Amino acid sequence: MEELQEKIKQYQLKFDEAAKNVKSPNELQELRVQFLGRKRGYLTKLIDSLRDLSPEERPLIGKEINELKKYITSRLEEINQNLAAETRKTPRIDITLPGKTIPLGAPHPIVKFQEEIENIFYQMGFSVEDGPEIETDYYNFEALNFPPHHPARDDWDTIYIEGRDDLLLRTHTSPVQIRAMEKRKPPIRIIIPGRVFRKETPDPTHLPMFFQVEGLVVDVGITFAHLKGTLESFLRRLFSERIKIRFRPSFFPFTEPSAEVDISCTVCLGEDKECRVCRGSGWIEILGAGMVDPQVLKNVNIDPEKYSGFAFGMGIDRTAMFVYQISDMRSFYENDLRFLRQFLKQ
Amino acid sequence: MRISLDWLKDFIELDMSPDKLIQVLNSIGLVVDEVSEAEGDLILEIETYANRPDTLGHLGIARELSAALGQPLKEQQWPVTETSEKTEDIIDVQVFVEELCPRYCGLVVRGVKVGPSPEWMQRRLRAVGIKSINNVVDVTNYVLYATAQPIHAFDLAKLAGPKIIIRQAKKDESFRTLDGTELKLSPEMMVIADEQKPVALAGIVGGENSAVTEDTRDVFIECAYFEPISVRQTAKRLGLQTDASYRFERGTDISFPPQGAWMVASLLCQFGGKVTRGLLDIYPHPRKKRTLILRHHRVHELLGVEIPAEKIESTFRALQFGVDATQPGSWKILVPYHRVDIEREADLIEEVARFYGYDQIPATFPPLKQLEPPPSPAKKTIQRMRSILFHYGFNEVLNFSFMSEEDEACFASSRRAVRLRNPVSSRSALMRTTLLPGLINNVAYNLNRGAEGVHLFEWGKIYFWKNDDAREHLSLGLVSTGLMAAKHWSSPQEKSDFFRLKGAVEALFSLLRYEPINFLEEEHPWCEKGVSLIVSYKGEPIGFLGLLRQEIGRKYALKQDVWIAEFDMGYLLAKQPRAFRFQSVVKYPAVIRDVSFLVDSNLPYQQVQGFLEKREIPWLEKFELYDRFTGASIPRGKVSLSFRFVFRHPERTLEAEEVDGFMERIIRALKTEFGFQLREGGKIDK
């Protein structure tokens, strides 16, 4: 039995040695016959000699022979494939030449950024609403607690429709808050992205049209603490978990109390007194927000004693400018392909 | 609002670093936008709000700081030198329009030496950005910037008599302002007049005819309260905005005019003036302070944090509000006159929050009690539309919603454009009635910057009148010109053409399952003759595609072929597309027959396609036109069309003989209907 085991080892070494020298399919065939040939193959002979062993020894050695057979078979196949690959005729090409591209179109960064914002709010249980861009004075101002002749209207430079004193281009997406609250009863948890218009002469930071996203939550027991929690989660998801967030008192006619929300400057991390982005303050103003003014709730027949809510608004262009460090807001609307196509990678 | 630190210290002690001061101001909502140093003073540019006119002077900022720091305001003295004359013997004020001018105070200062102001006053005015004129005018500005109370000084000698009349202007009454602007007034405007003429436009600007000059000796000081709406309407109508009107239209402190008048008088006494006895104070119906109820539980309900009663009370006391705590659980709050913004309980709660500190309020998440409705199917369709177009190589653009008169002339349509009353520029005089002018401008812009191929789409609203309604419709515009892809070493360059665009359009509507779409050969005013198709869905036209007319292209400096298309997505999105249904894959093999015909070259392919689609051909899975050519081997007036027909039976393998039978029927039908000739060498597999 030991003798046989020794033989098995020897055959494997012999095979490996011979396999090294196989250079052609013919030689490979010879090698195959030499070891696996049905009549005179080494392995066939080995199997024949099993007969001389005791019934206890037979399966042991049988197994070893089988393993060797598997080994040889797989090695022969490997050599066969290598030989085939070597002999296959392939035209000589310079494979270092550049590959072909499929000209994929690029998304507009504002649309893409808006989508990102929407996705974060979907995750937080919000839905998305929209509304008309040509609005009435009532929805754009009056229902939002801007009385006629109120100086607060000066902050929202308005473009009006010719021939119709009651119509204007919405200066914010807030009128959709009113429309949403007229349409349905609380609980309400919506965001409203969209185009807004201001009478502004275009310059690097002002445009007569830009995109805004507005949010509104109304329910029983909604508090300023909820406003803070919601906006902090949103901003952390949009920017980074590491940013610092600051709420400061502010004023909007349609919220009370009102707040302005700043995030820590992600460009200089508050360490550069000369920082171009935060002007050395370490903070970037990012959102306006507040508790929905009781008068606004009354205007849509929601009882402010029973319900409360919060609202917020953010410039999409302005925020995208900050995120991508784009210095001129006009570049979003010039639609230069060299600008737009960069966002294929984003 | 520019605030001088040096000036602020007249009102309150401030022992802190500028950084700390800015932080305190920020925390109560007085945002410091900019800090600069001038003449050893620190100038803070503070953002103010339309509802807080009380912060439009140094006193107001000091009051806020006093509450934030828990530090009292400094007492101020305004001593005067008096003459023996009584004010009422010199001036007789008659208010005809009490509803517009509920309070009017006046004093006369005699013997003022008009000249330059002292250096300290000039420096302070410089700090807030005001030019020094003479000591009398400077004093009025000084008091305005100190207290937010506008003051006007008249040259007493120039008034026609003792009477000062506050009245409506007469129709077309003319008035010349201090700076020489000639104005025509109308009756809804309020003027200050003597017996002959208006001498000031109330609350806005003084008249040239009564202005203080170097020759002035005696001065009449006006310190009044004018109703905000009246001042605002007049200022707006006349296109005037002054430091005074800015404050009056936001609301001044009605309790302040006497103090304001004495401050001015006291300062003028420093220039040799003597004040008449007794302040004129026309205030026939003194107003009560506003009383509001603040419920403690509402503070918690709105802010989401328990704030102790003591903190709430001390905040209001520090802000000079009256606090009556006799009712348990709530307070009666008396609002000081300078806080015109505090009208409701919510306004009081904001004060509590501001001085408690927004950063002290916890951040929690509102409980989700009910799910919001899911995104609309239209939203998903638009997302799919975008990804299909990206795949076809179109880049997404966004243009302004405006267009110019020239655009309107080039792209006139049956849609009546919405015009803007006060557009930003003539280039944006109207709302766009089509997306194409924007897209074509984008093409020109990119070609001018070296782009060799421009393929763009925009989806957005177009606007037009439908009767008296301003309508907004979602539109989709496409433009394509030039090379399809960057040059590549391995293949010839492919340029955009009609079929590139048509292929994208076909794929778009097919993948969105808006099927069937029909194309009609019809002229379109924006397209070259014979190169436009009207696209319809279920018989309704939804848009067009074609080659931009050269005359229009030239207006946008375009010389090359530009392929254009526009579709009414709003209409489509309102329709339900065909439902998506999965079909199991048939495992039996197809039988394929390729066949070529000679066809009259004038025959529109669409007719052939329609004919074949309508015929009931057994087990025909699909057919494709895979080749089309003319040339030397083809007779004149003919074209060779090669079709591939694919047959498949869902439950068994088709026999070649069966399929031959079907093919015979197809060929016979095409021969009879259109005179197709089977081409020599065209293979029929028998």
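In what order do the four strands of the open sheet in chain B run? The order is 30-31-29-32, and the pairing is antiparallel. The model is a predicted one. This briefing covers that sheet, the helices on it, and a pocket.

**Domains**
- Chain B is assigned five domains: domain 1 (2-69), domain 2 (82-282), domain 3 (290-360), domain 4 (377-573) and domain 5 (591-678).
- Between the C-alpha centres of domain 2 of chain B and domain 5 of chain B there are 95 Å.

**The sheet**
- Strand 30 (620-629) and strand 32 (677-678) of chain B are the edge strands, each pairing on one side only.
- Eight bridges join strand 30 of chain B to strand 31 (residues 638-647) of chain B in the antiparallel sense.
- Opposite B:Lys622 stands B:Val646, a residue of strand 31 of chain B.
- In general, strands of a sheet pair through backbone hydrogen bonds.

**Helices on the sheet**
- Helix 19 (residues 605-614) of chain B packs on the sheet and touches strand 30 and strand 31 of chain B. The direction of helix 19 makes about 160° with that of strand 30 of chain B.
- Helix 20 (residues 656-674) of chain B lies across strand 29 (591-600), strand 31 and strand 32 of chain B, at about 15° to strand 29.

**The second largest pocket**
- This pocket has a volume of about 1400 Å³.
- Its lining has 39 residues, and the closest to the centre are B:Lys502, B:Phe519, B:Tyr605, B:Gln606 and B:Gln609.
- The lining residues comprise 17 nonpolar, eleven polar and eleven charged.
- Elements that each supply at least two lining residues include helix 16 (498-511), helix 19 and strand 30 of chain B.
- Because domain 4 and domain 5 of chain B both give residues to the lining, the second largest pocket lies between them.

Definitions and conventions
Residues are numbered from 1 along each chain as its sequence is written. Chains are lettered from A and ligands numbered from 1 in the order in which they are written. This is a predicted model: local features need pLDDT of at least 70, side-chain atom pairs count only at pLDDT 80 or more; totals for chains, interfaces and linings use all residues. Side-chain values use heavy atoms; hydrogens and water are left out. Domain bounds come from an automatic or database domain assignment. Two strands pair if DSSP finds at least two bridges between them. Contact means heavy atoms within 4.5 Å. Axes are lines fitted to C-alpha atoms, for helices over the stretch in contact, and angles run from 0 to 180 degrees between N-to-C directions. On a 1 Å grid over the protein atoms alone, a cavity is a set of points where a 1.4 Å probe fits but cannot get out, and a pocket is an open set with protein on both sides within 12 Å along at least five of seven lines; lining residues have an atom within 4 Å of a point. Grid points are joined across faces, edges and corners, and a volume is the space filled by probe spheres set on the points. Ala, Val, Leu, Ile, Met, Phe, Trp, Tyr, Cys and Pro count as nonpolar, Asp, Glu, Lys and Arg as charged, and the others, Gly among them, as polar.
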